[in-house]
Structure formats: C-alpha cells, structure tokens
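Here are my notes on this model. Please read them with the structure open.

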Amino acid sequence: MSHSLLAPSSASVWVRCPGSVTMRAQAGLPSETNDAAEEGTAAHWLAASILGQEGSDYPGDTDYYLRNWTQDPAGTLITEDMVHSVLYYLDYLKMQGLLDGTFFVEDRIDIQSLHTGCYGTADFWRPPQGNDLVLDIVDFKHGRGNVEAFENWQLLTYFAGVMDALQVEHKVLDTELTVRLHVIQPRHFGDREKVWEQKASDLRGYVNMLRAAAENALGSDPRVASGHHCKHCPARHCCPAAQKAAVEAIRFVDSATPHPLTEEALGYELPALINAIKALEYRKESLEEEAIARIRAGKNIPYVNVKHGTAQRKWKKTAAEVIRLGAISGADFKMPVDAVTPAEAVRQLKKAGMTEKDALTYLDAVIDKPKGKLKAVIDDGFKARKTFTN
Ligand code: SF4
C-alpha cells in the first residue's frame, strides 16, 4: 500500500517536528511491521468486512465471526479478543446513529488544502445528512494506549480533507457545521469513548497549524524539534536533534540542583528531569531497534549482542480447534467457567440498550477500579485547554 509523505497517522509528529518527514524519507522507512500493528490492521479489516458484508444489522455473536473470518488477507489470525474489540466499535457507531444514512468506511480522503499529494484513510466518517449539519469522523484504535479526541491531529487532518470536499461539492459553511471527532478504544482500561465537539469554524486555527507545518515539512529548510512526539517518530535512531536531546539530558543530571529547593525550583527541575528521562528512553529504544536490525543483517556491533526475551506461548488455532485437539487425547482444554471482563459486560449492556454511563452505574457495585500509585506528571496546559475548549 502506498503512503502519503504527510501521513495523517503521523500528523501529531510532523505538526510539531516538520523535519521528521524528510528524516523518515531519508532513513528509508517504514521499518518492519510488528504484531501490534498487524493486529490493528486485521481489526480494521474485520470491522470494514463486517459492515460491508453484513450491513448495520450485523450479528452480535462472536462465534459467528470466528467461524467465518479466520484470518485477514495478510494472514493475521482473527481472535476472540479482536472480535470483541470490533463489535464494541461497531456497536458504538450503531448506538450513536452513525450507521443510519450515508457513511464511509476505510475511506481514502484527499487533503489538498494542506498540501498536494496529502491523503489518508479514515476509519469512518459520516457527512451532514439533509438539514442535520453535523459531521462525524471516527478513529477506531485497537491498541490499549490512551489516545485523546481533543486536539487529535490525525482526526484534524481528516477533518481538513473532508471540509475540502464538503465546501467544494456541497457549499457547506464551516460556521454552520458542528464537528464531532471520536476516538473509540475498546481495549483501553480508561475512558474508551472520547468525543470532541466543536463548530467547524473553531477548528480553522488547527488546520492553519497543519498547513504551516506541511509547507515547512516539504519546503527547502524543514524545522526539526525534539520532544515527547519523538517517541512515535521512526527516524529517531538517526536524528541529530534526538541525539542532542539525549546528550543534554545526560549533562542535565550532572547540573547543580539549586539549594534550598524551593517550590519554584522543584517545579522547574522535576518536569526537566521527566523530559530528560523520556529523551533518553526514546534514544535508547531507537538505538536498540537499530542495533537489532544491523546484527540481523550480519553486522558486528562492539559490546552489543541480541537475545530473545521471554514471551507467553499462544495458540495458533481457534479455541474450538484447541478444545477438539484436547478431547482427542482425553484431555480437557476448556477454561473453567468465568465471568466476562467488565469491558465486555459494559458492551453487552450497551447492546441491551443502556448508555455507557448507565451501564457503568449498573455495574458500579461489582466493579473495582483501584487507583494506581500517585505520580507527578507534567502540566503543559492540555487539561486546562481541554476544559475551556470543550
Ligand atoms: S526524532 Fe524527534 S526531533 Fe528527530 S525527526 Fe523525529 S520527531 Fe523530529
């Protein structure tokens, strides 16, 4: 599959570091795929296949899908966990009424207003229907890591492309249009349904930032800026800015801590340390990946070797096949009867007609959600902006 140089999925990186686009291209990326990425691709394929073949009245029976869709076109196995995740996502679309009327699934969106040749594939979007001037764009995340809908650059990039089409073809005014950007994360342990609702005209500033970053990225002197976004940049192993940030982080550890340690000094040093540790982590991860790739290619890296870590064994076949295999030799491979997970319980209650909030209230007495250990986090104003912009 071809990729846009300015891929929406990496917009959160290139909007902050336009130089990452050139760095990625020069580093000869994309790098090899991994299990998580393959599972994500398979989950998206399954969701689109279910909607394409079964329509909005798709069956809610997990076994039905495990019987009929065993693997995606790339050979990634369809698992029970994946089917649960996909059904949660589809149930969300249904409950929100997004499967009524016209909608688009896994749809290529050209984003010419940002830059010629910029395009991406949106998981799901639904244009305004008649006089109902609401635009919904949905991103389904099969992974567990938290993704916010608020200031979500990937969704904002799709929004820019969709607006190009709506304004040209349907003359929709951005002052009259309500936009809902959704992130659905069925396997996330926190809030799994996030929506950021704004008037389209209030998103102009974000689109301008994307456009400025896109122009800079493809211009003659792209700006490179390191930060937390480096974590998601595949060029970090060969990036001088990331290397410099790591070296400065090491130097920082040696710098004098002001005494006495006032609240102001603490407020300065702790975030600086957190950032320094992150810069070192990103650098270490990227160098590790690079070392593994070179050793695999037969190169010798002084003082470094590779070995396999331990990973859990997992079944290559469906649960039914494994149980049958056990029965052949008189063994019982069935799990003891257990309750579904709280996430699955919520999904089933929602299917029975409850909202997410009502389902959680209903289960409140039987769900325990212990708080983790207290930890200091950097306050970059995101929460404040989210409160005042929502
Ligand atoms: S590693 Fe960081 S600074 Fe370097 S190109 Fe990527 S995002 Fe930019």
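1. Domain bounds here come from an automatic or database domain assignment. The chain is divided into domain 1 (8-32 + 96-224) and domain 2 (319-366). The C-alpha centres of domain 1 and domain 2 lie 34 Å apart.

2. A word on the source. This is a predicted model: local features need pLDDT of at least 70, side-chain atom pairs count only at pLDDT 80 or more, and totals for chains, interfaces and linings use all residues. Residues are numbered from 1 along each chain as its sequence is written.

3. The chain has 13 helices and five strands (DSSP runs, numbered from the N terminus: helices are H or I, at least four residues; strands are E, at least two). The radius of gyration, taken over C-alpha atoms, is 24 Å, close to the 21 Å that the globule rule gives for 390 residues, so the chain is as compact as a globular protein of that length. That rule is 2.2 Å times the number of residues to the power 0.38.

4. Which residues are closest to the ligand? They are C17, C230, C233, R236 and C239, and 16 residues surround the ligand in total. A residue counts as near if its C-beta atom, placed from the backbone, lies within 6 Å. Helix 2 (20-26) and helix 8 (240-254) each supply at least two residues of this shell.

5. Now the helix pair. The axes of helix 5 (residues 80-95) and helix 11 (residues 342-351) come within 10 Å and cross at roughly 35° (axes are lines fitted to C-alpha atoms, for helices over the stretch in contact; angles run from 0 to 180 degrees between N-to-C directions).
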